[in-house]
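These are my notebook entries on one structure. I record what I looked up and how each term was defined.

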Amino acid sequence: MQLPYVYRVTKYDPADRDEHGHYTGSEDTAGDHGEVEASYLRAVAAFAGDTGVGHLAVREPQIPSFAHFGAEPPVDGFGLDGLFPDGPAGFHDGAEVPLETGLRLVRAMLRDNGAWCRLEVEGVFAVHVGWDQYLYISSSRPCEEALARTRQLGLFPERLNTSPYAFEAEEEEQTAQRPGDDAFWAELRRAVVTGRAGILEETYLEGASRWHHLTGDTIDPVRAGLAPRARLAVWPPLSTDIDAVLRALPADGLVEGVWQDGDGTIRSAIVEEDECPELTARISRARAAALLSVYAGERVPLCTAVMPDDDGILRARWRTEPTPSDRDWALRRPQG
């Protein structure tokens with residue numbers, strides 16, 4: 001839902017922009033970790049207060065996968081340390097946090113600590129942090145007092161039509177998103193029992209995945225331990241022909257190696273060609289392994305799904321890339 005009042009809040013004076021809107025002044029694009037940063041956070045609090053918001057929902061959370069492009073060095077924990085009562089596991093899509101925690105997340109994003117998310121109250125309020133200390137605040141109310149307070153803090157609120165970081169569904173027509181419901185898990189159990197499926201990839205944050213070994217005995221505990229709204233990808237069993245897997249390592253480019261350690265744990269690593277010797281050493285000691293492409297169009301699991309909420313409703317906005325099996329499911333599902 002597009003909110004009617006959208007403001008870009010920055011430390012950059014609009015008088016110092018050229019005819020294309022590019023800033024030409026002397027303000028540094030890095031954060032000061034001091035009074036200016038504190039002013040940003042006070043501005044968010046003022047807009048939230050004007051809107052009547054005391055809690056925010058985390059949407060589409062992410063952390064860097066294997067590359068960091070922030071303006072500042074990455075920090076341990078991606079800026080999440082101490083923010084959630086149950087630790088980093090609390091950073092998931094749909095998590096509700098008090099405004100104080102939301103402000104600390106905004107601070108971590110302003111500092112480019114690594115963690116990023118949209119902070120929203122559906123149909124009421126939204127906070128998005130962009131590059132170079134650009135902050136976007138959307139509200140269902142005009143927030144006149146917050147605007148005045150923001151100017152008093154030395155920041156510049158500018159009215160926009162929309163936040164460039166607002167969530168947008170893909171424009172092209174899509175296959176319906178399959179939920180990870182009882183029917184999905186029943187079909188997955190059949191695939192595991194018949195030997196067609198063997199591992200499950202759980203993307204619990206954009207940029208972070210866990211791998212699970214699937215057997216008839218592990219399916220239920222794996223399902224119970226998944227992160228809320230996780231994206232799922234089902235893959236064939238790993239190969240026990242370790243020599244064949246090693247021979248398939250590419251001479252250049254990126255590849256993801258997935259292997260099962262001696263203790264049964266499934267591990268993975270995305271490596272470039274110069275890191276292949278280390279991956280070779282790990283896979284050589286593994287019980288079973290596989291190589292997966294990391295390139296779009298070449299990475300095709302057996303099927304995918306997104307976990308619904310406890311009430312069975314699929315509220316996650318992010319999607320999986322549909323596989324042939326997913327398209328077949330979409331054709332078979334009841335309509336209306």
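Entry 1: the second largest pocket. I looked up its lining and found 26 residues, with R59, E120, E122, G123 and R317 lying nearest the centre. The model is predicted: local features need pLDDT of at least 70 and side-chain atom pairs count only at pLDDT 80 or more, while totals for chains, interfaces and linings use all residues. Residues are numbered from 1 along each chain as its sequence is written, and side-chain values use heavy atoms, without hydrogens and water.

I noted the term: on a 1 Å grid over the protein atoms alone, a pocket is an open set of points with protein on both sides within 12 Å along at least five of seven lines, and a lining residue has an atom within 4 Å of a point. The space in the second largest pocket comes to about 590 Å³, a volume being the space filled by probe spheres set on the points.

I then asked which elements give two or more residues to this lining. They are β2, β4 and β5, and β2 gives the most, with four residues. Helices (H or I, at least four residues) and strands (E, at least two) are DSSP runs numbered from the N terminus. By type, the lining divides into eleven nonpolar, eight polar and seven charged residues; Asp, Glu, Lys and Arg count as charged, and Gly is among the polar ones.

Entry 2: the largest nonpolar core. A nonpolar core is a set of buried Ala, Val, Leu, Ile, Met, Phe, Trp, Tyr and Cys residues joined through side-chain atoms within 4.5 Å. Buried means under 20% relative accessible area, found with a 1.4 Å probe on protein chains only. This core has 41 residues, and F47, F91, L105, L119 and L135 touch the most other members. Among the elements that give it two or more residues are α1 (35-51), β2 (55-62) and β4 (116-121). The largest share, seven residues, comes from α1.

Entry 3: strand β10. Is β10 (residues 231-235) mostly covered or uncovered? I found it mostly covered, with five of its five residues buried. R231, A233 and W235 lie on one side, and L232 and V234 on the other. In a regular strand the side chains alternate between the two faces of the sheet.

I also looked up its partners; strands pair if DSSP finds at least two bridges between them. Five bridges join β10 to β8 (residues 199-205), antiparallel, and L200 has V234 as its bridge partner. Four bridges join β10 to β14 (residues 303-306), also antiparallel, where L232 stands opposite A305.

Terms used. Buried means under 20% relative accessible area, exposed over 50%, partly exposed in between (1.4 Å probe, protein chains only). On a 1 Å grid over the protein atoms alone, a cavity is a set of points where a 1.4 Å probe fits but cannot get out, and a pocket is an open set with protein on both sides within 12 Å along at least five of seven lines; lining residues have an atom within 4 Å of a point.
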